[in-house]
Each structure stands twice: as C-alpha cells, then as structure tokens.
Amino acid sequence: MGRAVSAARFKPGDQVLVKMEDRPGHIRTPWYVRGKRGWIERIHGEFRNPESLAYGGDGLPRRPLYLVGFEQSQVWEKYDAAKDKLFIDIYEHWLEPTE
Amino acid sequence: MSDAHDKADAHDHPRHELGHYARRIYAIRDLLLEKKILTPQDIQEQIDYQEQRSPANGARIVARAWSDPAFKARLIADPKAACAEMGIDATSLNEFVVLENTEKVRHIVVCTLCSCYPRPILGRPPDWYKSLNYRSRAVNDPRGVMREFGQDVGSDVEVRVHDSTADIRYLVLPLRPRGTEKMSEAQLAKLVTRDSMIGVVDALPASAARA
C-alpha cells in the first residue's frame with residue numbers, strides 16, 4: 001500500500017523530464033519515455049523501490065511514485081491525433097525538473 | 001516423487017504426456033507436500049482463491065456504478081473500499097485506480113514491461129494482453145489497436161493510454177450503453193466485458209442483454 005508522501009519533490013502540474021539513463025536492473029521506467037518531457041498529473045504515494053525489491057532488498061527508503069502525463073505527439077514522431085495522451089507511473093528518482 | 005502421483009493427476013493426463021514445465025510444476029508441488037511445506041488444503045484454497053477472481057467481479061462493480069451515482073463517486077474516490085462494499089477483496093492490490101470513460105475521453109490500459117493487471121477484479125489477463133504485439137502497439141497506436149478490436153474512436157475523442165508499469169493497477173469504467181435506462185444491475189453486468197474494462201472496446205450494446 002502506498003503511503004502519503006512526506007516530502008515530494010514535485011507537485012501536480014510541474015513540468016518534468018524523464019532521465020535518460022541506461023543501467024541494468026529491474027527498472028520500471030520504459031525506454032520509450034526516457035528523455036521525454038511530461039507533467040505531474042497526480043502523486044500516487046510512497047512505495048518500496050522495485051529496483052531493490054526485485055533483488056531481495058527491502059526497497060527502503062520508500063520512493064514517491066507519480067502519475068506522469070505526456071502528449072502522445074511528443075512521445076512518438078509520427079503520432080497524428082493531437083489530443084491523445086499517455087500516462088505512466090514513474091518513481092521520483094527517474095524524474096528531474098524542467099522549465 | 002511418489003508413484004501414486006505419476007499415474008493420472010494433472011487434469012487426467014498421464015504425466016509422460018505433459019510438457020517439460022508442467023512436469024516440473026507437479027514435481028515441485030510433490031516436493032512441497034512431501035516436505036510438509038504445504039498441505040493439499042493449502043493448495044486447494046489457493047486454487048479456489050484464484051478461480052473466484054474473474055471479470056464477473058469487475059462487471060458487477062461497473063453495473064453498480066452505472067446504476068448508483070453515489071456508489072460511482074465512492075468507487076472513483078476509494079476503489080478498494082467500494083469493492084469491499086460488494087464483497088470483492090481487492091486488498092492484494094497495492095494501489096487501485098478507476099478510470100472513467102466519457103463521450104469525450106476513452107482510456108486504454110497496458111503494461112509495456114510485463115503483464116501488470118488488476119487480477120482480483122478481472123482474473124488472469126488474456127494472452128493477447130501479455131503479447132509483445134499488444135504491449136508495443138497499445139502505446140504508439142492505441143487507435144489502431146482499438147480498431148482491430150472493432151472499436152472506431154472518433155477524432156473528437158481523446159484517447160488516454162495508461163501504461164501500468166509500477167505499483168498501480170487500473171480498471172476502466174466504460175460508458176453506459178444507450179437504451180439501458182430500465183435495465184437491472186444483473187442485466188447491465190452482462191454488457192460489461194473483460195475487454196471493455198481493459199478499455200480496448202466499449203461495453204456491449206443494450207441488445208446483447210436480451211440474447
């Protein structure tokens with residue numbers, strides 16, 4: 001169960017950039033959104049970190065998990081339905097602020 | 001492994017007819033029983049638990065939400081509590097979110113990384129949900145995927161894809177079909193298909209309840 005977030009770095013409406021990182025492990029940030037810009041749609045809560053849990057770790061400290069929205073036309077070059085959107089759950093340590 | 005188990009369990013197939021993984025599963029089960037880590041009752045209880053998780057749960061929830069606006073509001077505000085009201089145990093879900101379709105917005109759910117799925121509400125995911133084809137195309141061509149399922153989405157409608165990659169599980173609350181105003185919850189539930197709760201299609205038309 002997700003806990004209420006005590007110290008969230010982002011709030012709904014903030015513009016964010018998904019980090020473009022490449023490292024092995026049980027990473028829950030799909031490749032196709034790394035390096036893409038989106039916005040914080042909602043704060044889901046704090047959850048144990050799956051990158052640690054998957055290897056028998058305790059997943060602590062818990063990480064804030066956000067629902068991040070993207071314009072489909074910004075994610076895919078040839079996407080032509082202008083209003084369509086994509087939402088993904090992303091942990092805070094995969095996000096950085098952007099202007 | 002005992003000889004008795006070799007004869008005719010495993011859905012009544014003699015064990016030598018089973019594939020490698022099935023034989024391995026039964027061997028592991030036998031070991032767990034022999035070492036008294038599990039009892040046959042433990043296994044049966046788990047089978048019963050798995051079997052009671054089916055799209056019929058989701059259909060009941062959706063039909064209630066269509067019939068009772070106050071329930072719908074509770075379902076969207078606190079989905080697990082609303083499930084509990086109906087005797088549906090959603091506590092094993094880390095976090096559960098209901099996505100309401102409208103005339104202007106359609107939601108579609110995918111897990112591009114694996115097969116995350118709201119199992120207590122919808123049972124086991126269909127094979128296509130886990131296929132590489134669906135997992136890759138649901139995000140970059142959701143309208144094309146929906147068209148293949150028989151659902152044309154107009155250009156005035158916004159499509160929202162939810163890639164369920166972490167601790168959240170999503171259920172789509174489809175639009176209530178036209179012409180169903182006088183239907184009971186039980187009749188409405190017949191219109192709520194598994195696929196409509198994943199979001200690849202709308203619920204069935206009113207005529208389907210009379211079939």
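**Strand pairing, chain contacts and local backbone features**

In the predicted model, I108(B) stands opposite V161(B), a residue of β3(B). This pair belongs to a parallel arrangement in which strand β2 of chain B, residues 105–110, is joined to β3(B) by 6 bridges. Strand β3(B) is mostly covered, with 5 of its 6 residues buried.

Strand β3 of chain B, which spans residues 158–163, also pairs across the chain boundary: 4 bridges join β4(A) to β3(B), and the two strands run parallel. Within this pairing of β4(A) with β3(B), K85(A) is placed opposite R160(B).

The contact between the two chains involves 20 residues of chain A and 19 residues of chain B. On the side of chain A that touches chain B, the elements giving two or more residues are β2 (37–47) and β4 (85–91). The greatest contribution to that side comes from β4(A), which gives 6 residues. When the residues on this side of chain A are sorted by class, 12 are nonpolar, 3 are polar and 5 are charged.

Chain B is divided into two domains, domain 1 covering residues 3–51 and domain 2 covering residues 54–210. Taken over C-alpha atoms, the centres of domain 1 and domain 2 of chain B are separated by 34 Å.

Two helices of chain B, α4 (residues 55–67) and α5 (residues 69–77), have axes that come within 5 Å and cross at roughly 125 degrees. Helix α4(B) is therefore oblique to α5(B). The contact is formed by I61(B), R64(B) and A65(B) of α4(B), which meet F71(B), K72(B) and L75(B) of α5(B). By class, the contact of α4(B) with α5(B) comprises 4 nonpolar and 2 charged residues, with no polar residue.

Two backbone features were also noted. Most residues other than glycine have a negative phi, and most peptide bonds are trans. In chain B, K36(B) is not a glycine, yet its phi is positive, at about 60 degrees. K36(B) is located in the loop between α2 (20–34) and α3 (40–52) of chain B. With 7 other C-beta atoms within 10 Å, and a limit of 12 or fewer for an exposed residue, K36(B) is classed as exposed.

In chain A, the peptide bond from L60(A) to P61(A) is cis, with omega near -5 degrees. P61(A) is placed in the loop between α1 (50–53) and β3 (63–71) of chain A. R62(A) likewise lies in the loop between α1 and β3 of chain A. R62(A) has 16 other C-beta atoms within 10 Å and is partly exposed, because this class lies between the limit of 12 or fewer for exposed residues and that of 20 or more for buried ones. Leaving aside neighbours within four places in sequence, the contacts of R62(A) are R3(A), E46(A), F47(A) and R48(A). R62(A) and T29(A), 33 residues apart in sequence, are 16 Å apart in space from C-alpha to C-alpha.

Technical notes. Residues numbered from 1 in each chain as written. Chains lettered and ligands numbered in written order. Predicted model: local features only at pLDDT ≥ 70, side-chain atom pairs only at ≥ 80, totals over all residues. Contact = placed C-beta atoms within 7 Å. Nonpolar A, V, L, I, M, F, W, Y, C, P; charged D, E, K, R; others polar. Pairing = 2+ DSSP bridges. Domains from an automatic or database assignment. Axes fitted to C-alpha atoms, helices over the stretch in contact; angles between N-to-C directions. Parallel < 35°, antiparallel > 145°, perpendicular 65-115°, else oblique.
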